[in-house]
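Me: I am new to this one. Can we go through what the terms rest on?

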Amino acid sequence: MVVEKTVQLIERCLAKDQDALREFVALFQQRVFALCFRMLGHRQDAEDTAQDALLRAVKYLKSWDASQPLDPWVLKIASNRCRTALAKRYKRPHLVESLPEKSVESQTHNIGLADELQLALMILKEEHRTCFVMFYQQELSVQEIAELMELPIGTIKTWLHRSRNQLAEHLKNRNVTPT
Amino acid sequence: MNCNEFETQLDRCIEEKLAPTTELVSHATSCKNSSCCDRWEEHQLLERTIQAWLASVPVVDLTEAVISNSHFQLDDVEVLGPVPMIRKQQPQSPATGAIVAVVSLLVTAALLIAVTLRSSTSDLAINSPRVASENEIIPQSIEQTLTEEQKLRELGQTYASLMTDAKTRVSETVAMVIPDEDSMLTEGMGSASAWLDAWSERLEPLETKLDNTLRNFVDETLTKMNDQAS
C-alpha cells in the first residue's frame with residue numbers, strides 16, 4: 001500500500017505536478033536536512049546541501065527503481081552530496097566554522113551533550129560518521145546501511161563499534177558525564 | 001553470564017537496537033572485571049548522549065526553495081542513477097586552466113612558425129634561388145640571411161617536434177583527468193602538475209631563442225629594406 005502510494009507520488013512528480021513535488025520535498029526534507037546537518041556540523045552548509053540533494057533527487061526521479069524503497073535512495077543521494085560538500089570544505093578549511101569548544105552548559109543541559117557528541121562526530125572518518133548517522137539519526141538497520149553503502153554487513157558492524165568506541169573515548173577525555 | 005557472553009550480547013543489543021536484557025544489566029552491575037565495567041559505563045554514556053543529540057536537529061522548510069528551482073530540473077530528466085556511495089574516486093583536472101594555457105601557447109607558436117616559414121619560403125621563391133658557380137663569391141649579407149633562415153628552420157623543426165610530443169602528452173593528460181562533477185578529489189594530480197611545470201621550463205628557453213632569432217631577422221630585413229629604399 002505504502003509502495004503503491006510512493007509510486008503514484010513519483011509518477012505525479014514526473015508529470016510535473018507541483019503539489020506532488022511539494023509532497024515529495026515535505027516528505028524528505030527533514031530527514032535529508034538532519035543527515036546533512038549531522039554530517040557537516042554546520043547549519044547553513046547543511047541547508048544548502050540538503051536543498052541540492054533534494055533537487056538532485058527530483059532531477060533523477062525517473063531513474064529510481066520502483067522495486068526498491070525510496071528512502072535509502074534519497075538518503076544515498078544526500079550522503080553523496082555531503083561527501084562532495086566535505087571534499088570542497090577540505091580545500092578551504094579556514095572557512096569552516098567549528099562548533100564551540102566545551103560548552104558551559106554541557107554538564108547540565110541536553111543541548112550541551114548534543115554539542116559534545118556533534119563535536120566528537122567531526123573527528124570520525126567520513127565513512128564512519130556516515131555509518132553512525134545513518135544508524136542512529138536515520139534509524140536504518142545495519143543491513144540497510146550495508147546495502148546503501150554497498151559494503152558487507154561485517155564492515156558496517158565494525159565501523160559502528162569503532163565509531164562508538166572513538167566517540168566514547170572522546171567524550172570521556174572531555175569529562176562529559178550525562179546527568 | 002560470563003564476561004565474554006556479556007560482550008557478545010551487548011554488541012548484539014547495539015547492532016540490533018535492542019534494549020539490554022535484565023541478565024545483561026545484572027552482569028554489568030555486579031561484575032568486578034574492569035573491562036565489563038568500563039564497557040557498560042561507555043555504553044550508558046553514549047546512549048544518553050545520543051538521545052540528547054537526536055533531539056537537537058533544527059526544523060527547516062526547504063519546500064519553496066526546492067520547488068522554485070525544480071521546474072527546470074524536470075524538463076531535462078536524465079536517466080542516470082545516483083553515484084555509488086563508495087566508489088573509486090575519479091580524478092579531476094587539477095589545472096584545466098594550465099592545460100588550456102599550454103595548448104593555446106603551443107597553437108600560437110605553431111601558427112607563428114607556420115607564418116614565418118611560409119614567409120621565408122615565399123621570400124625564396126620571389127628572389128628566384130639560383131645555383132652559384134664554384135668560383136662565385138656569395139655576398140656576406142646573403143650568406144648571413146641564409147644562415148639565419150637555416151637556424152630558424154632548424155628551430156622551427158625542433159619546436160614542431162616538441163609540440164607534437166606535447167600534443168600527445170596533453171591529450172593523454174586530458175584523457176586521464178576527465179572531470180567528474182561528483183568527485184572533488186583527485187588522483188595523479190601531482191604528477192600532471194609536475195609534468196606541466198617541467199614542460200613550461202623546457203619550452204621557456206626555446207621560446208626566448210626563437211623570439212630573439214625572429215627579432216634579429218625582422219630587424220635585419222627592415223634595415224636592408226630601408227637601405228634599398230634610400
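Me: Is the crossing of H3(A) and H4(A) left-handed or right-handed?
Reply: The crossing of H3(A) and H4(A) is right-handed. Keep in mind that this is a predicted model.

Me: Which residues in H3(A) meet which in H4(A)?
Reply: From H3(A) come Asp45(A), Thr49(A), Ala50(A), Asp52(A), Ala53(A), Arg56(A) and Ala57(A). From H4(A) come Val74(A), Ile77(A), Ala78(A), Arg81(A), Cys82(A) and Ala85(A). By class, this contact has eight nonpolar, one polar and four charged residues. Asp and Arg count as charged, and Asp45(A), Asp52(A), Arg56(A) and Arg81(A) are in the contact.

Me: What makes H1(B) and H2(B) oblique to each other?
Reply: The axes of H1(B), residues 3–15, and H2(B), residues 22–30, cross at roughly 125 degrees. That value lies between the cut-offs of 115 and 145, so the helices are oblique to each other. Their axes come within 10 Å. The crossing of H1(B) and H2(B) is left-handed.

Me: Which residues make the contact of H1(B) with H2(B)?
Reply: H1(B) brings Phe6(B), Gln9(B), Leu10(B) and Cys13(B). H2(B) brings Leu24(B), His27(B) and Ala28(B). The classes are five nonpolar, two polar and no charged residues.

Me: How many residues does each chain give to the contact between them?
Reply: Chain A gives 52 residues and chain B gives 39. On the side of chain A that touches chain B, H2(A) gives the most, with ten residues. That side divides into 28 nonpolar, twelve polar and twelve charged residues.

Me: What is the secondary structure of chain A?
Reply: Chain A has eight helices and zero strands. From the N terminus on, its elements run α-α-α-α-α-α-α-α.

Me: What percentage of chain A is buried?
Reply: Buried residues make up 42% of the 179 residues in chain A. To count as buried, a residue needs 20 or more other C-beta atoms within 10 Å of its own.

Me: What percentage of contacts in chain A join residues at least 24 apart?
Reply: The value is 60%, among contacts between residues at least 6 apart in sequence.

Key: Residues are numbered from 1 along each chain as its sequence is written. Chains are lettered from A and ligands numbered from 1 in the order in which they are written. This is a predicted model: local features need pLDDT of at least 70, side-chain atom pairs count only at pLDDT 80 or more; totals for chains, interfaces and linings use all residues. Axes are lines fitted to C-alpha atoms, for helices over the stretch in contact, and angles run from 0 to 180 degrees between N-to-C directions. Helices (H or I, at least four residues) and strands (E, at least two) are DSSP runs, numbered from the N terminus. Angles under 35 degrees count as roughly parallel, over 145 as roughly antiparallel, 65 to 115 as roughly perpendicular and the rest as oblique. A crossing is left-handed if the near helix is turned anticlockwise from the far one by less than a right angle, and right-handed if clockwise. Two residues are in contact if their C-beta atoms, placed from the backbone, lie within 7 Å. A residue is buried if 20 or more other C-beta atoms lie within 10 Å of its own, exposed if 12 or fewer, and partly exposed in between; C-beta atoms are placed from the backbone.
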